[in-house]
Amino acid sequence: MNQKGLTVIELMIVIAILGILAAVAMPAWRDYLVRAKIQQATDAAAPHRAALDRACRDTRLDGAGHDDLGLDPAEAWHGDYTTAIAAAGVGPTAGTVTLTLTDVGGDIESGGLLVLAGTCDAGRMTWTAGGGDVPGKYLPTLP
């Protein structure tokens, strides 16, 4: 007997496999989209990080604010996923860039904060992302 096409059982198995793959892929895709939005917001803070880096080289980091760094006020810095970006020197060897985020999805609501912490060592800033309202799985990588 020559069989042509698929039986109902075979079709049901294929549909079940596709359903399982979709159930696994959708949360991973949502996480990817949130991480991409967070990374784009972090990229918008590049001028702030550069200004703090210059202040580090010039040993004028302690207490430096937007005016001292030559930056516009925090609310003037907004983008697709940020409503404000603030930079500050918080000590002779430390600075922060705080991003106020829009609703980027995931567990992060509109108005959530992402803090980029910089450490001045040998006239150069090294950066880490953390603090604020962003869970660890969404934190961006910083050069």
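A residue is termed partly exposed when its relative accessible area lies between the limit for buried residues, under 20%, and the limit for exposed residues, over 50%. In the predicted model described here, R60 is partly exposed because its relative accessible area is 35%.

The protein contains three helices and four strands. Along the sequence these elements follow the pattern α-α-α-β-β-β-β. The radius of gyration is 23 Å, well over the 15 Å given by the globule rule for 143 residues, so the protein is more spread out than a compact globule. The C-alpha trace spans about 85 × 30 × 20 Å along its principal axes. Of the 143 residues, 30% are buried. Among contacts with a separation of 6 or more, 46% involve residues 24 or more positions apart.

Charged side chains were examined next. Side chains of opposite charge can pair when their charged atoms come close. Three salt bridges are present in the structure.

One of these salt bridges joins the side chains of K137 and D31, with an N to O distance of 3.8 Å. This pair links distant parts of the chain, since D31 belongs to helix α1 (residues 8–44) whereas K137 lies in the segment after β4 (124–132), and the two are 106 residues apart. K137 has a relative accessibility of 47% and therefore counts as partly exposed.

Another salt bridge is formed by the side chains of R57 and D53, at 3.1 Å from N to O. Both residues are located in helix α2 (residues 46–57), where a spacing of four residues corresponds to about one turn of the helix. R57 is likewise partly exposed, because its relative accessible area is 47%.

The remaining salt bridge connects R60 with D58, and the closest N and O atoms of this pair are 3.6 Å apart. The value of 35% places R60 in the partly exposed class. D58, with a relative accessible area of 45%, is therefore partly exposed as well.

How values were computed: Residues are numbered from 1 along each chain as its sequence is written. This is a predicted model: local features need pLDDT of at least 70, side-chain atom pairs count only at pLDDT 80 or more; totals for chains, interfaces and linings use all residues. Side-chain values use heavy atoms; hydrogens and water are left out. A salt bridge is a side-chain nitrogen of Lys or Arg within 4 Å of a carboxyl oxygen of Asp or Glu. Buried means under 20% relative accessible area, exposed over 50%, partly exposed in between (1.4 Å probe, protein chains only). The radius of gyration is taken over C-alpha atoms; the globule rule is 2.2 Å times the number of residues to the power 0.38. Contact means heavy atoms within 4.5 Å.
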